[in-house]
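Here's a quick briefing for anyone meeting this structure for the first time. Have a look at the sequence and the model, then read on.

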Amino acid sequence: MAEGHTLMSVDYEIFGKVQGVFFRKYTQAEGKKLGLVGWVQNTDQGTVQGQIQGPTVQVQIMQEWLKTKGSPKSRIDKAKFHNEKVIPKLEHKDFQIVK
């Protein structure tokens, strides 16, 4: 299977000014635009966390977006990615904002 068609999953946590700036809404929209599934939510620590799944290339594009872009009014200080793994099939049906 070519790398572009391999499915992967990665968990993330984004630090900085990422709450109260529509970060979750923009993350959901960007994920859907890239054809990814997963979820995003605010944490009690003032960060945003979630999981993204989809073709490797699209996941990598989304990781870069989470590290460098975010929502227009956000300020990203740090992005942590962990639990990166190849998966046999997607574990989510769409990209959800978790309350």
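## The quick tour

The chain has two helices and five strands, where helices (H or I, at least four residues) and strands (E, at least two) are DSSP runs numbered from the N terminus. Start at the N terminus and the elements go β-α-β-β-α-β-β. The radius of gyration, taken over C-alpha atoms, is 13 Å, close to the 13 Å that the globule rule gives for 99 residues, so the chain is as compact as a globular protein of that length. That rule is 2.2 Å times the number of residues to the power 0.38.

**Ground rules**

- This is a predicted model, in which local features need pLDDT of at least 70 and side-chain atom pairs count only at pLDDT 80 or more, while totals for chains, interfaces and linings use all residues.
- Residues are numbered from 1 along each chain as its sequence is written, and side-chain values use heavy atoms, with hydrogens and water left out.

**The whole chain**

- Along the principal axes, the C-alpha atoms fill a box of roughly 40 × 25 × 25 Å.
- Of the 99 residues, 41% count as buried (under 20% relative accessible area; exposed is over 50% and partly exposed is in between, with a 1.4 Å probe and protein chains only).
- Take the contacts (heavy atoms within 4.5 Å) between residues at least 6 apart in sequence: 78% of them join residues at least 24 apart.
- The accessible surface comes to about 5,800 Å², and 50% of that belongs to carbon and sulfur atoms; the areas come from the Shrake-Rupley method with a 1.4 Å probe.

**The UniProt record**

- An unreviewed UniProt entry lists residues 9-99 as "domain: Acylphosphatase-like", and such annotations may be inferred rather than shown by experiment.
- Over residues 9-99 the chain is 26% helix and 42% strand, with the end C-alpha atoms 21 Å apart.

- Arg 24 sits in helix H1 (residues 23-33) and counts as partly exposed, at 22% relative accessibility.
- Leaving aside neighbours within four places in sequence, Arg 24 is in contact with several residues, including Val 40, Asn 42 and Lys 99.
- Gln 49 is 25 residues from Arg 24 along the chain, and their C-alpha atoms are separated by 9.2 Å.
- Gly 31 is in helix H1 too, and this residue is buried, with a relative accessible area of 0%.
- Not counting residues up to four places away in sequence, Gly 31 touches Leu 36, Met 62 and Phe 95.
- Gly 31 and Val 59 are 28 residues apart in sequence and 8.7 Å apart in space, C-alpha to C-alpha.
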